[in-house]
Every structure is written in structure tokens, then in C-alpha cells.
Amino acid sequence: MANLYNINSICLMKNVLPAALIAVGIALAGLFIFIGINHVSNRDRAVSVKGLSTREVKADYVVWPLRFGLMGNDLQSVYNDVANMQKVVRKFLISKGFSDEEIKTGNTSVNNNWASYYGDKPEYHYTINTSIIVSTSNVDLVIANQGSQTELLARGYVINSDEWSIDYQYNGLNELKPEMIEEATKNARNVAQKFADDSGSKLGGIRHAYQGQFSIEEDNYQPWIKHVRVVTTVDYSLN
């Protein structure tokens, strides 16, 4: 009877042990799957935010063209009148405070009005167009004199120039870039932190960062004022 009991116990242990090992294996496999899914889930949790930085700056260089043209039937006479007018405009600009080095003569074009026309023959055979161009870093002086060509008009010299034909430029962008990128990135992180706090998450490190293009736009009413703007996009992980 004792031998039979021992035999039954041994058989039972043989059946239970494999089943227990299988159960433990299934439990461990489930645990590993859970850990893996949780890791992937945490790894894929992220937030993408944008940070903005803007500056208002003043132009540091300006190109001011003053255009004019004369017509006549004798080409040499018209050319002489144009040359004389160039001297008048140059002298006028120097009287306003511009240096001779800041004043250049632009391209000159000659048009033969009788070479090709439709309808009635034009009154004047030739038209000569040219310009005097001021290029200077003295932006304030140009602003102060941008309407002064009316003084030449009062003397009988017609000059084509208005404030919107003046090219105000800003060349200090490279000096602005580092601090603007830093500010835009900081603003992006503040947005990401707020999102993490609201969602009950912990803000992790940067996964990807994209620096946007810098743009410079002039003010609609004061073209010598420039608006510089950059937007950065940053992806943060969430834990």
C-alpha cells in the first residue's frame, strides 16, 4: 500500500511540475510583453510645438534713385541737356548733406521714337532717360530729404522719385540670428512644458528641432522700419 502511494505521488509531481513551469513561462512572457508595450508607448509619446521670435529694426543702408528723362529732335542737344541736369541734381544733393562718393550716375538709355510707332508721328525724335542714385548708410538723411525733389520741380526740373521707390535695406541679420533662435527655442519649450503639465506628463528631451526661415518685411507706412521674424519647430518626448 505504501509503495502504491509513493508511485501515485511521483506521478502527480511529474504532471504538476511541467504545468507549473508552463504557467510561470506564460506569466513571464506576459510581463515581458507588457514591459515592451509600455516602453514603445512611452517612446512614441511626443509633442511638437512652435516658438516665435520677432524684432523691429531700422534700416542701416538705403538706395535712393532719382530718375528723369528729356526729349528733343537733336540727339546731341538732348544729351547735353541731360548732362547739365545731372550736374544740377548732383549739386542739389550735395547741398542737402550727401557726399560726392554717395552719389552715382545710373544707366542712361536712348529711345528713337520715330523708329517704330503707330498712328501719328511722335513730336520728339529722341528720348533720353537716366538717373542719379544715392547709396548711403545715412538713412536719416534720406528720410529727411525724400520729398525734397519738389524743390527741383519748382525750378523746372522734373524728377521721378517717391518714397516707395527708395530701397531701405537691413544688413545686420547675422548679428540678430543667435539671440532670436535662442528666444524662439525658449518660447517653444515653454509651450511644450505647459502641454506636459496639462496632460500630466513629464517633459523629456528634444527629439527633433527645425529652424525656420528668417523673414524681413518692411513696415507698411515707414519702409525704413523692418520686421524680422523666425519660427522654430521643436519635437519633445513626453514621459
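Student: Which residues in α2 are buried?

Tutor: The model is predicted, and burial here requires a relative accessible area under 20%. By that criterion, the buried residues in α2 are V78, V82, M85, Q86, V88, V89, F92 and L93.

Student: Within what arc do the buried residues of α2 fall, seen down the helix axis?

Tutor: An α-helix has 3.6 residues a turn, so residues three or four places apart point the same way. The buried residues of α2 line one face of the helix, because they fall within an arc of 165°.

Student: What covers the buried residues of α2?

Tutor: The cover includes both strands and a helix. Among the covering elements are β2 (61–72), β3 (103–105), β5 (126–136) and α4 (149–154).

Student: How far apart are the end C-alpha atoms of helix α2?

Tutor: Helix α2 comprises 21 residues, 75–95. At 1.5 Å a residue it should span 30 Å. The separation in the model agrees with this expectation, as the end C-alpha atoms are apart by 30 Å.

Student: Is S53 buried or exposed?

Tutor: S53 lies in strand β1, residues 46–58. Apart from neighbours within four places in sequence, S53 is in contact with M180, E183, A184, V228, R229 and V230. Because its relative accessibility is 1%, S53 counts as buried.

Student: Which side chain joins that of S53 in a polar contact of 3.4 Å?

Tutor: A polar contact requires N or O atoms within 3.5 Å. At 3.4 Å, the partner of the S53 side chain is that of R55.

Technical notes: Residues numbered from 1 in each chain as written. Predicted model: local features only at pLDDT ≥ 70, side-chain atom pairs only at ≥ 80, totals over all residues. Heavy atoms only, no water. Helix = DSSP H or I, 4+ residues; strand = E, 2+ residues; numbered from the N terminus. Buried < 20%, exposed > 50% of the residue type's maximum accessible area, 1.4 Å probe, protein only. Polar contact = N/O pair within 3.5 Å; in protein donor to acceptor, adjacent residues only side chain to side chain. Contact = heavy atoms within 4.5 Å. Expected span 1.5 Å × (residues − 1). Arc of directions from axis to C-beta.
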